[in-house]
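Here are my notes on the model, point by point. Please have the structure open beside you as you read.

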Amino acid sequence: MKNTLFSTLNDQDQHIASSLSQVVGSSHNSTTFTHTLTVIGQAVTPYLIEGVLSKLKDVFTATSLAFHHLHQSLGDDVIEIRGTLFGSEHENINIKPLLGDVSSSYNLDIGLQASRPSLSTPGLLVMDMDSTVISIECIDEIAKLAGVGEQVAEVTARAMRGEIAFNDSLTHRVACLEGVAVSHLDQIRDSIPIMPGIQSLLTELKKNNWKLAIASGGFTFFADHLKQRLGLDFAISNTLAIENEKLTGKVEGEIVNADVKARTVKTLAEKWGIPTSQTVAMGDGANDLVMMAESALGVACHGKPLVNEKADVAIRVGSLHSLLYFLDK
């Protein structure tokens, strides 16, 4: 049965992206709502929106549709759908997998939120580094140059999936790097692949006086470089011990693990006077889940399956700047 929100369109118009403006307005109506469903994609059609709502009909009913205030300004169609969630999110334990199924079915990013931080109010974004701000795991790249790439990569993958304790995995992997020349790190740093969308994301947040930080289980050699290159306010990561221009295979000082990342969110928010309601944490691995839980909004960025299901919202399709669409005006 065709959703009544789209009953005015014929079948052909349902598949034309420009027809979306016929059923989606610039502002919401005054109907009471409990949640906001955000739909993000390229050339989104009424048919796709109707499909999303149909798949969610047993848990969510829409009452108002409007374009997000950043709709098309960064190259994406972004639709906010206000409505009512049946039961509590705790009772609807299958909602996150359902959203993942919807995202996969229509190649869209989908987020369902009861509340959202405000873009126009100063806030704090704390980001993981490896496989989030950059598209590589730096320790794996170092290991490749050291000839132990496969060995280290497997341990990294298990740690990111939450299968082994991060501290133990890091100590084991760094030990494999003993004797690697620091010049190899220069080579990785100079060609470091930054994730698409990061510049748009940071530029928009800076315009609105947000504080920006990296909290990484990676290494200062790369995190400090990115702090400077991207104009971030803070970075914390692990320090590789070096002697005679070679790695010793050890980490200096406290290991930056999941708990340290979460502590960083809390400490920085207090330092800069940012309310918890304006804190956001973004990452891809299991060791990012604690800092996500510490924040008002936890965003999985092309994350592992466990992270996508536990984060508040997940970017599965789009670039990093898609985080902005999960913020209120």
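This is a predicted model: local features need pLDDT of at least 70, side-chain atom pairs count only at pLDDT 80 or more; totals for chains, interfaces and linings use all residues.

1. A word on terms before we start: buried means under 20% relative accessible area, exposed over 50%, and partly exposed in between, with a 1.4 Å probe and protein chains only. Residues are numbered from 1 along each chain as its sequence is written, and side-chain values use heavy atoms, with hydrogens and water left out.

2. Staying with Leu-323, you will find this residue in the segment after strand E11 (313-315). Helices (H or I, at least four residues) and strands (E, at least two) are DSSP runs, numbered from the N terminus. Contact here means heavy atoms within 4.5 Å. Apart from neighbours within four places in sequence, Leu-323 is in contact with Leu-125, Leu-201, Val-280, Met-282, Val-299 and Ile-315. For a sense of distance, Leu-323 and Ile-236 are 87 residues apart in sequence and 22 Å apart in space, C-alpha to C-alpha.

3. Which side of helix H7 is buried? In H7 (residues 198-207), the buried residues are Ile-198, Leu-201, Leu-202, Glu-204 and Leu-205. These residues cover an arc of only 165° around the axis, so they sit on the same side of H7; the arc is that of the directions from the helix axis to the C-beta atoms. Exposed residues Gln-199 and Lys-207 are on the face turned away from the buried side. The buried residues pack against strand E5 (124-127), strand E6 (211-219), helix H8 (220-230) and strand E9 (279-283). After H7 comes Asn-209, with a positive phi near 65°.

4. Next, the nonpolar cores, meaning sets of buried Ala, Val, Leu, Ile, Met, Phe, Trp, Tyr and Cys residues joined through side-chain atoms within 4.5 Å. The largest has 57 residues, and Leu-125 and Ile-142 have the most contacts inside it. A second, separate core of 26 residues includes Val-44, Ile-49, Leu-53 and Val-102. Back at Ile-142, its contacts beyond four places in sequence are Leu-177, Val-180, Leu-185, Ile-188, Phe-219, Phe-222, Leu-240 and Leu-247.

5. How many aromatic pairs does the structure hold? There is one. Phe-221 and Phe-222 have ring centres 5.3 Å apart and planes at 70°, so the pair is edge-to-face. The rule takes rings of Phe, Tyr and Trp (its six-membered ring) with centres within 6.5 Å; planes under 30 degrees apart count as stacked, over 60 as edge-to-face and the rest as tilted. Phe-222 is buried at 0% relative accessible area, whereas Phe-221 is partly exposed at 23%.

6. Please also look at Ser-295, in the loop between helix H10 (289-294) and strand E10 (297-301). Ser-295 is buried, with a relative accessible area of 7%. Its side chain reaches the backbone oxygen of Met-291 at 2.9 Å. Not counting residues up to four places away in sequence, Ser-295 touches Val-265, Thr-279, Val-280 and Ala-281.

7. Finally, disulfides: with a disulfide taken as a pair of cysteine sulfur atoms within 2.5 Å, the count comes to zero.

Key: A polar contact is a pair of N or O atoms within 3.5 Å; within protein, one must be able to donate a hydrogen and the other to accept it, and residues adjacent in sequence count only if both atoms are side-chain atoms.
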